[in-house]
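Biologist: I'm new to this one. Could you show me how to read it, one feature at a time?

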Amino acid sequence: MTEPLKLAVVGHTNVGKTSLLRTLTRDVGFGEVSHRPSTTRHVEGARLSVDGEPLLELYDTPGLEDAIALLDYLERLERPGERLDGPARLEQFLQGSEARQRFEQEAKVLRQLLASDAGLYVIDAREPVLAKYRDELEVLASCGKPLLP
Ligand SMILES: Nc1nc2c(ncn2[C@@H]2O[C@H](COP(=O)(O)OP(=O)(O)O)[C@@H](O)[C@H]2O)c(=O)[nH]1
Ligand SMILES: [Mg+2]
């Protein structure tokens, strides 16, 4: 039996991540959907099987709220003369105290994406491409996993 493919559904808060999960799982009761930001506070998974064989695991994640501050923080993590690649820098962040405090929601997203094969990056196409979305993408891309918009 092959391992099911793991996909993390990621993106800004309130863009429709949980709604996408409901659509893909055909389960209107999955998670909580709301017009308020930050409704999803924890990672929640769903497994899709074909003929009893699990093929796909989908993970809903909390929204990224303050990617600009997080990217600033990540950039300051490197000591002078040190060059960490994206995943190494994230590991350093995830082991630190800020990952349990100020950036707790973001840490949950990044841990799940690092543990997945790829990410589904959900975008609200009505919004212009704001600086915060570019920073969000840079943080997510540093996981080194394929991101599918
Ligand atoms: N117009 C529109 N609204 C959507 C769509 N997907 C989700 N929503 C609404 O956007 C809000 C946030 O959805 P939710 O799934 O909770 O977003 P999440 O915070 O990213 O998980 C809710 O009010 C949804 O009903 C969509 O494709 N189009
Ligand atoms: Mg949600």
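Biologist: In what order do the 5 strands of the sheet run?

Modeller: Strands pair if DSSP finds at least two bridges between them. Here 5 strands make an open sheet, ordered 2-3-1-4-5, with mixed pairing. Strand 2 (44–50) and strand 5 (147–148) are at the edges with a single partner strand each, so one side of each has no neighbour in the sheet.

Modeller: Keep in mind that this is a predicted model, where local features need pLDDT of at least 70, side-chain atom pairs count only at pLDDT 80 or more, and totals for chains, interfaces and linings use all residues. Residues are numbered from 1 along each chain as its sequence is written, and side-chain values use heavy atoms, leaving out hydrogens and water.

Biologist: In which sense do strand 1 and strand 4 pair?

Modeller: Strand 1 (residues 5–11) and strand 4 (residues 118–122) pair in the parallel sense, over 5 bridges. Val10, for example, has Tyr121 in strand 4 as its bridge partner.

Biologist: Which strands does helix 5 touch?

Modeller: Contact means heavy atoms within 4.5 Å. Helix 5 packs on the sheet and touches strand 1, strand 4 and strand 5.

Biologist: Which residues of helix 3 are buried?

Modeller: Buried means under 20% relative accessible area, with a 1.4 Å probe and protein chains only. In helix 3 (residues 86–95) they are Gly86, Arg89, Leu90, Phe93 and Leu94. They cover an arc of only 135 degrees around the axis (taken from the directions from the axis to the C-beta atoms), which puts them on the same side of helix 3. These buried residues pack against helix 2 (67–77), helix 4 (104–114) and helix 5 (131–141).

Methods:
Chains lettered and ligands numbered in written order. Buried < 20%, exposed > 50% of the residue type's maximum accessible area, 1.4 Å probe, protein only. Helix = DSSP H or I, 4+ residues; strand = E, 2+ residues; numbered from the N terminus. Axes fitted to C-alpha atoms, helices over the stretch in contact; angles between N-to-C directions.
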